[in-house]
Amino acid sequence: MAAGLSTQSSRHETFTMREARLPLLLTYIFLAIGAVVMIMPFVWMVSTSVKPDREIFGDTIRWIPQELDLQNYTDAFEQTNMPRIFANTVLVTAVAVASQVLLGSMAGYVFARLRFRGKTVIFFALLTTMMVPFEVLIIPVFLLIRAFPLAGGNNILGQGGTGLINTLGGVMFPNFVSVFGVFLFRQFYLSFPKEIEEAAIVDGCSRIGVYWRILIPNSKPVMGTMALFAFLWSWNDFLWPLVVVKEDSLKTIQLGLSVFDQEQGTAWAELMAASVMAVVPVIILYIFLQRFLVSGGLTSGLKG
Amino acid sequence: MSVALKRSPLTDSAPVDWRQRIYQVMNSQAFVALLFLLLPVALLAALKIWPVFYNLYLSFTRYELFEPPRFYGLKNYSYVFTNSTVRQSIFNTLLFTIEAVPIGTALALVIAKLLNQSIRGRVFLRTLYYLPVVSSVVVSAMIWRWIYSPQHGLLNHLLGTVGIPPQNWLNDPNLALISLVIVTIWGSIGSNMVIFLAGLQDIPRDIIEAARVDGANALQNFLLITVPLLRPVILFVVVTFTISIFRNFGLIFMLTQGGPFNRTNTMVWEVYQNVFGYLRFGRGAAISVVMLLIVLVLTMISFRVLRDRQGA
């Protein structure tokens with residue numbers, strides 16, 4: 001659907017030239033003011049992060065510091081145990097991305113191509129779960145992770161210990177699969193021509209072979225979309241790590257950042273430096289992969 | 001399918017080739033479906049379906065983690081609807097919605113409309129407007145906390161240049177909620193704009209062209225043609241935006257912790273407080289059941305609207 005939209009828009013482009021428009025100058029002024037307001041907080045963050053304290057607490061607003069102070073970055077890096085926090089976050093995010101792409105494409109293939117009993121029921125059960133935000137399920141999911149069998153001192157029935165609470169596995173667990181991903185892949189495979197697969201099956205290719213040799217190599221756009229969303233959700237996740245992780249050595253970047261503040265009082269420069277470090281990987285990835293975001297844009301409100 | 005057909009005469013004449021049999025079973029649609037769905041469906045059942053019912057069960061119990069849940073009747077629910085703090089959290093959630101959604105939606109629509117023209121730098125501007133969506137709630141909250149800072153914050157500095165005295169944005173009972181609303185609108189314009197841009201591209205150009213020929217100016221065109229045609233999309237944005245406000249935990253945790261005087265205490269914060277603050281799992285479950293019901297009704301509306309739109 002999204003692909004259709006974008007080709008349509010480019011076809012309309014030539015049309016638009018003659019179309020009624022708001023006076024161009026007013027449009028630019030409005031959009032420019034809006035854009036400035038939107039990015040001003042980020043500019044202020046970067047500006048603060050490279051200022052010495054004397055300029056931060058001065059009486060005048062200085063967007064460009066007179067004196068560059070990169071000490072804030074090294075301070076923030078050391079005070080938060082940044083290498084450890086980054087390693088945790090990269091690990092958790094990488095697992096989430098890989099797992100959501102793989103499981104999403106597998107389930108998407110099944111729902112798009114195979115016929116079997118109970119398919120409609122399972123499909124609609126999954127569809128319904130899309131309506132349930134994670135925030136309202138936090139209690140049972142927390143109890144489930146806590147009762148994970150044979151982990152954290154638990155017996156086989158999941159009693160006696162703390163399960164996956166306070167482990168990176170516990171942080172990862174709810175992010176292994178997303179319903180959104182299953183639907184994304186299903187929609188993509190439905191629009192993929194069937195003839196190639198049929199020809200392969202006639203030539204003796206198995207169904208798993210069709211999935212692995214034909215669909216997977218042709219799924220790059222949808223994998224890009226899924227990977228970008230999975231990355232954003234996992235990297236930016238806050239509530240779940242907050243609930244699961246207690247130990248400093250297991251913190252992810254958002255969690256590390258959120259407590260950094262309480263520990264340091266109002267060390268704004270270090271705080272902004274740490275924020276820059278948390279947001280830069282996301283912005284870089286977004287700029288490179290933003291063409292993939294459009295296709296998921298319409299359903300992005302239905303995360304989970 | 002065709003493989004099975006071709007090979008069936010073979011199995012009639014020759015003795016059954018068991019290796020081929022196994023291959024046929026393992027290559028059947030049902031087996032591959034089972035194999036591929038086992039893990040994703042098991043995980044989703046455990047994380048998305050079972051919790052809904054267990055949450056409902058917990059809401060009728062008294063459970064404080066170290067003893068097994070005890071049946072508690074409707075006491076949690078009567079608490080939810082009579083306790084003044086919980087009631088205020090419901091009220092605050094609605095107030096938050098009313099303050100953020102109309103303005104946020106209107107701004108996103110106007111920006112989308114302006115960006116839908118073929119103007120120079122369109123892609124660049126769209127990227128800028130989307131940046132707050134990509135940034136995490138924690139980072140956004142940190143930045144705004146610094147902007148709102150009473151002593152050296154940017155906002156008080158800027159207001160000072162036009163003679164407005166400094167305000168204690170996040171700690172003033174009259175300003176705290178509106179301060180959160182501002183951050184929320186700033187953080188959501190990008191995602192709502194993307195939905196509007198998709199909707200705008202579905203409007204046939206001939207209609208707008210015809211109105212222009214008939215003498216409608218740009219403003220009339222926008223208000224009398226674009227807005228009515230976009231009604232389903234607008235409703236969809238309003239509903240998803242509202243749901244995102246119900247779910248908005250990080251901002252409250254980072255900026256106000258529900259204060260001052262419970263003025264920013266919303267339902268999601270109240271759940272978190274009851275469960276992870278006071279270990280009242282049953283009570284927290286009851287509040288989340290109420291929340292889920294509201295969210296479900298809103299989502300049903302948005303699904304229906306989206307379906308109607310695709311059908312049209």
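Q: How many salt bridges does the rule find across the interface of chain A and chain B?
A: This is a predicted model, in which local features need pLDDT of at least 70, side-chain atom pairs count only at pLDDT 80 or more, and totals for chains, interfaces and linings use all residues. Residues are numbered from 1 along each chain as written, chains are lettered from A in the order written, and side-chain values use heavy atoms, without hydrogens and water. A salt bridge requires a side-chain nitrogen of Lys or Arg within 4 Å of a carboxyl oxygen of Asp or Glu. Across the interface of chain A and chain B, the rule finds one.

Q: Which side chains meet in a salt bridge at 2.9 Å, N to O?
A: One partner belongs to chain A and the other to chain B. The N to O distance is 2.9 Å, and the side chains are those of A:Glu135 and B:Arg247.

Q: What is the area buried between chain A and chain B?
A: Buried area is the accessible area (1.4 Å probe) that two parts lose on being put together, summed over both. Carbon and sulfur atoms give 76% of the area between chain A and chain B, and the total is about 10000 Å².

Q: How far apart are the C-alpha centres of domain 1 of chain A and domain 2 of chain A?
A: An automatic or database domain assignment supplies the bounds: domain 1 of chain A covers 24–69 and domain 2 covers 85–302. Between these two domains the count of salt bridges is zero. Their C-alpha centres are separated by 35 Å.
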